Each structure stands twice: as structure tokens, then as C-alpha cells.
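Here's a protein chain for you to explore. Take a moment to turn it around on your screen, and then we'll walk through it together.

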Amino acid sequence: MPKNSWQQKLEEELKGRSFAEVQHEVANHLTMAPYYVAADLAGYAVYKEIQACQRQTPGWLTLPVIDFEVPNEVNQRIRNQLQQGADGIWLDCGSTPLSHLELTKTLHTVRLTDTPVFLDSPEAAPAIISELTQGSSYYLKGGVVYDPVADWMRTGQNFSTAFDGIAQGMALTKAMREFRSYKVESHIFHEAGADVVQELAYTLASFVTYLDQLTERGVSPLLAANRFVFAISVGTDYLTEIAKLRALRYLYQKVTRAYGLPDELCQAYIQGQSSRLYQSAHSSHTNIVRQTAEAMSAVMGGCDALSILPYDAAFAEPSEFSERMARNISLVLKNESYLDKVADPAAGSYYLEILTARLAGEAWAIFLEIESKGGLPKAFEQNFIQQAIEHSWNQKVAEFQNGRVMVGVNKFQEKNEEVPLSVKIRAQNVTPHWEYGLLKARTLVEVAGTYEQ
């Protein structure tokens with residue numbers, strides 16, 4: 001049946017509503033129709049290039065996130081995660097100094113040559129690497145991953161000297177092909193309220209900042225482009241998030257080609273992480289449903305590693321139960337849903353191919369605009385990024401105030417449910433969103449939920 005016949009039938013079923021009303025606004029100025037056919041792909045020939053740069057091997061690492069506290073307790077949590085099915089660990093060290101990390105205790109019995117452990121720490125990479133190898137030339141997996149550019153956008157702390165440590169760390173681990181030396185995160189943009197196109201564009205601009213800074217310090221472009229992690233927040237818009245990860249791989253390849261690097265030697269490494277923006281403390285068990293959808297988007301979009309936050313992470317210290325539930329989302333998708341058996345399962349979907357191409361095109365245009373301003377740091381100093389994200393945040397707020405549903409938060413609430421004090425405080429302090437022009441994390445629960453003040 002021709003597409004126009006389908007559209008006529010749809011309009012009949014809409015009973016007076018217009019076709020425009022069922023179109024989906026993905027981002028500012030980017031609207032998708034509810035369905036597409038093969039003929040629609042004719043205007044998006046780039047989809048073949050997008051398919052070619054996706055991961056060719058299926059599967060992903062189950063990579064729980066553990067916040068550092070006390071060495072012995074963290075070691076027990078790490079060992080438990082690994083014994084119960086995790087493939088590796090993402091250890092968020094916060095601002096803990098290296099001397100307090102006591103890595104010998106924290107990583108006791110963990111074989112770093114077999115198990116990838118990613119240490120997210122602002123401490124100097126050479127010092128951490130020395131501690132991990134203890135002077136021996138062990139082949140390490142995982143990495144020392146820190147994003148000083150994102151930290152600068154959060155805190156205003158200068159990032160220039162951090163590149164020296166990253167470059168030195170890369171020199172020390174040059175022979176370790178499975179060891180990552182920095183991360184480029186989208187969390188900073190996603191959690192501040194950026195739309196999907198902005199998130200892609202700003203993350204790409206951040207990546208280019210690293211390439212420029214590291215190559216200026218003598219790191220080869222090929223090494224700089226292959227020894228990092230894209231740490232990406234994955235939200236609840238199921239199809240859009242699948243397309244986002246696929247678009248990111250294509251955009252990454254456009255950058256590496258601009259540096260003259262061969263496609264066969266460049267592959268983005270993506271850690272997909274469940275979104276904090278949509279986490280509810282008001283009815284925390286509904287987070288499990290949202291996180292399952294986010295996890296499916298991440299693996300169908302082709303993530304290399306998957307990190308699901310415990311459902312109660314928004315308001316409490318995770319329990320053994322909530323950590324198990326988070327880990328098991330990934331394990332069920334592998335062992336019961338068999339989503340680890342197919343590479344790029346989204347390939348060939350008319351809707352997803354067109355959405356991926358459009359996201360990539362829109363994000364590339366914003367990226368070029370940022371480059372015309374001198375790059376991401378200068379664009380940020382000019383408040384270009386903050387103002388754009390604020391506009392997107394206000395749009396998200398308006399959607400929830402005008403009927404968009406977050407189940408368990410602004411619909412189907414449990415009566416007389418106790419709301420954690422930390423959430424009540426956040427609800428009372430939704431504005432101002434910005435402090436000294438810095439990006440601050442926030443959650444939509446603050447505006448979608450209703451609380452007794």
C-alpha cells in the first residue's frame with residue numbers, strides 16, 4: 001500500500017485530529033513523522049555510511065558504578081559485583097586523594113590484567129598508574145578516566161594542567177591497547193537539561209578539545225582518538241536514544257577522518273549509563289522500568305559497556321538489593337533476551353535510519369557553530385552553551401507542566417508516600433538553575449512531581 005494511502009487511513013483513525021498532532025518533536029526544530037517507508041530513505045543516502053561505522057561485534061560489558069568510600073568496604077562490593085555477573089567496575093573516586101584510595105586494599109584480589117576497572121579520579125594519571133602497576137609493566141585493562149573539561153564547566157576549576165597528566169599517562173600505557181586514558185562525558189549536558197542534538201554537538205566539541213590539547217602535547221592523533229571513553233547518559237525516549245548512540249559513532253568518524261586517520265583503526269568506545277535526569281525519589285521503584293528502557297536503548301544503540309545506576313541512587317546509599325537489581329537489568333538483556341547476539345540491530349529500520357541521519361546532521365551544524373566561536377571552552381565562556389541548554393530545560397519543564405507523564409511521579413502516585421527530605425529541599429530550590437554561569441545537574445522530578453511543602 002502506498003504511503004499516502006496509509007496516511008489517509010491514519011487521518012481517518014485520528015477522528016478530526018490533524019496528522020501534525022501525532023508527529024514527535026525530538027529536539028528544537030527536529031520533528032519526526034510517526035512512520036516512514038523505504039522511499040523516504042532516498043533523501044538520506046548517508047545512512048549507508050552510518051551503518052558502516054557501527055560496531056561489527058555484538059555484546060557489551062556489564063559495568064556497575066561504585067562510589068568510593070572505605071577501601072575494605074569498596075573491595076567487598078567490587079568482589080560481590082564480579083562474582084554475581086559483572087564484567088568490570090567503574091569506580092567513581094570523587095575528590096578522594098590518591099593516598100586515601102589505598103588501591104592495594106581497594107582492588108585486593110582483582111586481577112587488573114583480566115578485569116577492566118575504570119578509575120574516575122582527578123588525581124594525576126601517572127601516579128595512579130604507578131600505584132596500579134607497582135613499578136612492573138603489567139598489561140592493564142580498564143583505565144584512568146577523568147573529564148577535566150566537564151569538571152571545569154561544573155566547578156570553574158582550571159583544566160589546563162590536567163591535559164599534561166593525561167598525556168603523560170598515555171605515554172606510560174601506550175602498549176596497553178585496552179587501557180583508556182580519559183573520558184568525554186555527556187552527563188554534564190544531559191543532566192543540565194540539553195536536548196539530544198545539543199548533547200551530541202557539545203560532547204563532540206568536547207572530544208575535539210581533547211584531541212587538540214593532547215596533540216599539542218605530542219600525543220599522536222591516532223592514540224588520542226582511540227584511548228578514551230565516551231561516557232553517555234541514556235534517557236527515556238527509547239527510539240531517540242538508540243539513534244543518539246548510532247549518530248555519535250558517525251560523528252566521531254567524521255572527526256577522525258578530518259584528522260586523516262583511517263576508519264579501520266578508529267572505533268569509538270561508548271559507556272552507556274542510565275540517566276539521572278529521570279530518576280525519581282518520590283516513587284523510586286518506577287525507576288526500574290525507566291532504567292530497563294534506557295538499558296535497551298543503550299545496547300541496541302551499540303554501547304560497549306553498560307552501567308545501570310541503582311534505582312535508589314537519587315536519594316540514598318545503594319543497598320545490596322538495589323545494586324543487584326541494577327546489575328541484573330544488563331544480565332537479563334544478555335542471558336534471557338539475547339540482545340548480545342546481534343550487532344547493530346537498529347540497522348535497516350526506516351525510522352531509526354532517518355532519525356540517526358537527522359540527529360547527526362543537526363548536531364554537526366551546532367558543532368561547526370561552536371568551532372566558529374573558537375571551540376567549546378570559548379563558546380562556554382561566552383555563555384552560548386548555557387543559554388541554549390536553559391532554553392531546552394524550560395521546554396522540558398513546560399512539557400511536564402502541560403500534561404507529559406512520568407509514571408509514579410506526576411501520575412499514579414502512591415498516596416501518603418514519604419518523600420525523602422533531600423527531594424523536598426530540591427523541589428523548593430528549582431530556581432535559579434545557574435550559578436556563576438556553571439552547569440549544574442538537576443532532575444525533572446523537581447518539576448514533574450508534586451510534594452507537600
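Which residue does Lys9 form a salt bridge with? The partner is Glu13, and the closest N and O atoms of the pair are 3.7 Å apart. Before going on, keep in mind that you're looking at a predicted model. Now find helix α1, which covers residues 3-14. Lys9 and Glu13 are four residues apart in this helix, so about one helical turn separates them. Lys9 counts as partly exposed, at 43% relative accessibility.

Take Arg77 and Glu323, whose closest N and O atoms are 2.3 Å apart. This pair links distant parts of the chain: Arg77 sits in helix α3 and Glu323 in helix α14 (residues 320-335), 246 residues apart. Glu323 is buried, because its relative accessible area is 8% and the cut-off for buried is under 20%. Another pair is Asp114 with Arg111, where the closest N and O atoms are 2.7 Å apart. Here Asp114 is partly exposed at 44%, while Arg111 counts as exposed at 55%. Salt bridges can also join up: Asp120, Arg154, Lys183 and Glu185 are linked in a network of them.

Asp120 brings us to the strands. Look for the open sheet, where five strands run in the order β4-β5-β6-β7-β8 with parallel pairing. Its edge strands are β4 and β8 (179-180), each of which pairs on one side only. Strands of a sheet pair through backbone hydrogen bonds, either parallel or antiparallel.

Let's step across part of this sheet. Strand β5 (residues 89-92) pairs with β6 over four bridges, and there you can find Trp90 opposite Phe118. Next, β6 pairs with β7 (residues 142-144) over three bridges, with Gly142 as the bridge partner of Val117. Then β7 pairs with β8 over two bridges, and Gly143 stands opposite Arg180.

Now zoom in on β6, residues 117-120. Which of its residues point one way, and which the other? Val117 and Leu119 go one way and Phe118 and Asp120 the other, and all are buried.

Why point out a positive phi? Because most residues other than glycine have a negative one. Glu102 is another case, with phi near 45°. You'll find Glu102 in the loop between α4 (98-101) and α5 (103-106), partly exposed at 31% relative accessible area. Thr109 has a positive phi too, near 75°. Thr109 lies in the loop between α5 and β6 and is exposed, with a relative accessible area of 51%.

Last stop: the surface. Asp67, Glu69, Glu73 and Glu317 gather there in a patch of negative charge. Glu69 is in the loop between β4 (65-67) and α3 (71-83), and is partly exposed with a relative accessible area of 38%.

Notes
Residues numbered from 1 in each chain as written. Predicted model: local features only at pLDDT ≥ 70, side-chain atom pairs only at ≥ 80, totals over all residues. Heavy atoms only, no water. Patch = residues over 30% accessible without salt bridge, like charges linked within 9 Å, V, L, I, M, F, W, Y side chains within 5 Å. Areas by Shrake-Rupley, 256 points an atom, 1.4 Å probe, with all protein chains shown as cover. Salt bridge = Lys/Arg side-chain N within 4 Å of Asp/Glu carboxyl O. Lys, Arg positive; Asp, Glu negative; His and termini not counted. Charge placed at Lys NZ, Arg CZ, Asp CG, Glu CD. Buried < 20%, exposed > 50% of the residue type's maximum accessible area, 1.4 Å probe, protein only. Pairing = 2+ DSSP bridges.
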